[in-house]
Amino acid sequence: MGETLGLYKSSVGKKIFMAVTGTALFLFVLVHMIGNMKIYQGAAKFDAYAKFLREFGYPMLGHGQLLWIARVGLLAIVGVHIFAALQLYLQSRKARPIAYKKFDDLSFHYASRWMRWGGIGLLGFVVYHILH
């Protein structure tokens, strides 16, 4: 546990945590989408899938308990991802408090320049999706 916290203290460690949590979130979205696509197979298949999710893990877990474990786990993953992103952003700003006179964007890919805004947009969509 100490080694994990030691790794997290470095900027490279924070980026590793962001990569791992980002991959976990991507996999969740992929599985969530595949599960929701069952609606196109008919109401019976979709209902069977929903029943499977609520009863998975029985008798070790109670009815719907695995869903709550997954929800709490996802919330923790999102929290670590956002917290690491915020810390990296603040660390970057603190390292160079005075802006460059000439800004040469050395980013090699469009996604790397818009990653922060994409994350904020995704967070907004997730909040809307949950509230909807």
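**Exercise 1. Work out whether Lys14 is buried or exposed, and what surrounds Lys14.**

Step 1. Start with the accessible area: Lys14 has a relative value of 7%, so this lysine is buried. The cut-offs are under 20% relative accessible area for buried, over 50% for exposed, and partly exposed in between, using a 1.4 Å probe and protein chains only.

Step 2. A quick word on the model: it is predicted, so local features need pLDDT of at least 70 and side-chain atom pairs count only at pLDDT 80 or more, while totals for chains, interfaces and linings use all residues. Residues are numbered from 1 along each chain as its sequence is written, and side-chain values use heavy atoms, with hydrogens and water left out.

Step 3. Now place the residue: Lys14 belongs to helix H2. Helices here are DSSP runs (H or I, at least four residues), numbered from the N terminus.

Step 4. List the neighbours. Skipping residues up to four places away in sequence, Lys14 touches Leu7, Tyr8, Lys9, Ala84, Gln87, Leu88 and Gln91. Contact means heavy atoms within 4.5 Å.

Step 5. Look at Tyr8 again: the charged end of Lys14 sits over the Tyr8 ring, 4.9 Å from its centre. To count, NZ of Lys or CZ of Arg must be within 6 Å of the ring centre and within 35 degrees of the ring normal.

**Exercise 2. Find how helices H1 and H2 cross and which residues meet.**

Step 1. H1 covers residues 2–9 and H2 covers residues 11–36; their axes come within 4 Å and cross at roughly 105°. The axes are lines fitted to C-alpha atoms over the stretch in contact, with angles from 0 to 180 degrees between N-to-C directions.

Step 2. The two helices, H1 and H2, are therefore roughly perpendicular, a label for angles of 65 to 115 degrees.

Step 3. On the H1 side you'll find Thr4, Leu7, Tyr8 and Lys9, which meet Ser11, Gly13, Lys14, Ile16 and Phe17 of H2.

Step 4. Sort that contact by class and you get four nonpolar, three polar and two charged residues. Ala, Val, Leu, Ile, Met, Phe, Trp, Tyr, Cys and Pro count as nonpolar, Asp, Glu, Lys and Arg as charged, and the others, Gly among them, as polar.

**Exercise 3. Decide how the rings of Tyr8 and Phe17 are arranged.**

Step 1. Searching the whole structure turns up two aromatic pairs.

Step 2. For Tyr8 and Phe17, the ring centres are 5.0 Å apart and the planes stand at 85°, so this pair is edge-to-face. Rings pair if their centres lie within 6.5 Å, and planes over 60 degrees apart count as edge-to-face.

**Exercise 4. Describe Arg54 and its contacts.**

Step 1. Arg54 is in helix H3 and counts as partly exposed at 41% relative accessibility.

Step 2. Leave aside neighbours within four places in sequence, and Arg54 is in contact with Gly62, His63, Gly64 and Leu67.

Step 3. Compare sequence with space: Arg54 and Ile39 are 15 residues apart along the chain and 17 Å apart, C-alpha to C-alpha.

Methods. Angles under 35 degrees count as roughly parallel, over 145 as roughly antiparallel, 65 to 115 as roughly perpendicular and the rest as oblique. Rings of Phe, Tyr and Trp (its six-membered ring) pair if their centres lie within 6.5 Å; planes under 30 degrees apart count as stacked, over 60 as edge-to-face and the rest as tilted.
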